[in-house]
Amino acid sequence: MRHPRIIIASISLAAAAALGGGITAAAATSSPASSRPAASQHATATVRTVQATVGGKTETILASSQGLPLYYYLNDTAATSAVTGALAALWPPLTSPSPAAAGLTGTTTAVTDIHGNQVAYNGHLLYTFADDQPGQVTGQGVQGFFVATPGLTPITGSSTSAGTAPAAPSGNPYGY
């Protein structure tokens, strides 16, 4: 019988290889993914803010109840996730039938899509990254995913142009 950590590492490596991702064997084998439940297994998700280092700077970002950094995907629309298959294995959607927000002024909702009740903040569907740990951001800019922040501009309507990041504050090219 294979150890669960090895199985998860194999899945992550296979998915990364299929997608051309930048995950190394060392990163996958040391991944905490096997020691924590998947983001989609939580009945009630609370989106909150935490401080984390992103691009060498300390930023306020959105995080799950477990402290995992949350990301949005450029190719999603407000109502449709484009994250499926191997991509969803690396970027598990945050799901909850009744998400809550702690200390946020934006709108947190559950959007019924291919993942069930996926949590959205200001219309941006939210994901975790398989190799992140609480307070650790390793997926910024990887495969079209970007760290979600409290100032994330709302998506208006259900159709957005794919590949367009929400408006960023002046001088910040990362969309947060």
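How many helices and strands does the secondary structure of the protein chain come to? The protein chain holds three helices and eight strands, where helices (H or I, at least four residues) and strands (E, at least two) are DSSP runs, numbered from the N terminus. The model is a predicted one, in which local features need pLDDT of at least 70 and side-chain atom pairs count only at pLDDT 80 or more, while totals for chains, interfaces and linings use all residues. Residues are numbered from 1 along each chain as its sequence is written, and side-chain values use heavy atoms, with hydrogens and water left out.

**Whole chain**

Colour the chain by secondary structure. From the N terminus, the order of elements is α-α-β-β-β-α-β-β-β-β-β. Next, display the surface. The accessible surface of the protein chain comes to about 8000 Å² (Shrake-Rupley method, 1.4 Å probe), and 57% of this surface belongs to carbon and sulfur atoms. Of the 176 residues, 44% count as buried; buried means under 20% relative accessible area, exposed over 50%, and partly exposed in between (1.4 Å probe, protein chains only). Contact means heavy atoms within 4.5 Å. Among contacts with a separation of 6 or more, 66% are between residues 24 or more positions apart.

**The open sheet**

Select β1 (residues 46–54) and β2 (residues 57–63). These strands run antiparallel and are joined by seven bridges; two strands pair if DSSP finds at least two bridges between them. Within this pairing, Arg48 stands opposite Ala63 in β2. The two strands form a hairpin with two residues between them. In the turn, Gly55 has a positive phi of about 60°.

Three strands now form an open sheet in the order β2-β1-β4, with mixed pairing. The pairing of β1 with β4 is parallel and spans two bridges; Ala101 in β4 is the bridge partner of Val47. When inspecting side chains here, recall that in a regular strand they alternate between the two faces of the sheet.

**The salt bridge**

Show the side chains of Lys57 and Glu59. They meet in a salt bridge, with 3.5 Å from N to O. The criterion is a side-chain nitrogen of Lys or Arg within 4 Å of a carboxyl oxygen of Asp or Glu, and by this rule the count comes to one salt bridge. Is Glu59 buried or exposed? Glu59 counts as buried, at 13% relative accessibility, whereas Lys57 is partly exposed at 46%.

**Aromatic pairs**

Select the rings of Phe, Tyr and Trp. The structure holds seven aromatic pairs. The pair formed by Tyr73 and Phe145 is stacked, at 4.4 Å centre to centre and 25° between the planes. This pair links distant parts of the chain: Tyr73 lies in β3 (residues 71–73) and Phe145 in β8 (residues 145–147), 72 residues apart. Rings (the six-membered one for Trp) pair if their centres lie within 6.5 Å; planes under 30 degrees apart count as stacked, over 60 as edge-to-face and the rest as tilted. Both Tyr73 and Phe145 are buried.

**The nonpolar cores**

Which residues of the largest nonpolar core touch the most other members? Among its 20 residues, these are Ile61, Tyr71, Val83, Trp91, Tyr127, Val137 and Phe145. The elements giving two or more residues to this core are β1, β2, β3, α3 (85–90) and β8. Another core, of 14 residues, lies apart from it and includes Ala45, Leu70, Tyr72 and Val119. A nonpolar core is a set of buried Ala, Val, Leu, Ile, Met, Phe, Trp, Tyr and Cys residues joined through side-chain atoms within 4.5 Å.

Centre the view on Val83. Leaving out residues up to four places away in sequence, Val83 touches Tyr73, Asp76, Ala88, Trp91, Ile114, His115, Tyr127 and Phe145.

**Two last stops**

Move to Pro134, in the loop between β7 (124–125) and β8. Pro134 is exposed, with a relative accessible area of 56%. Beyond its neighbours within four places in sequence, Pro134 is in contact with Gln66, Gly67 and Leu68.

Finally, select Ala89 in helix α3. Ala89 counts as partly exposed, at 36% relative accessibility. The C-alpha atoms of Ala89 and Ala130 are separated by 7.5 Å, although the two residues are 41 apart along the chain.
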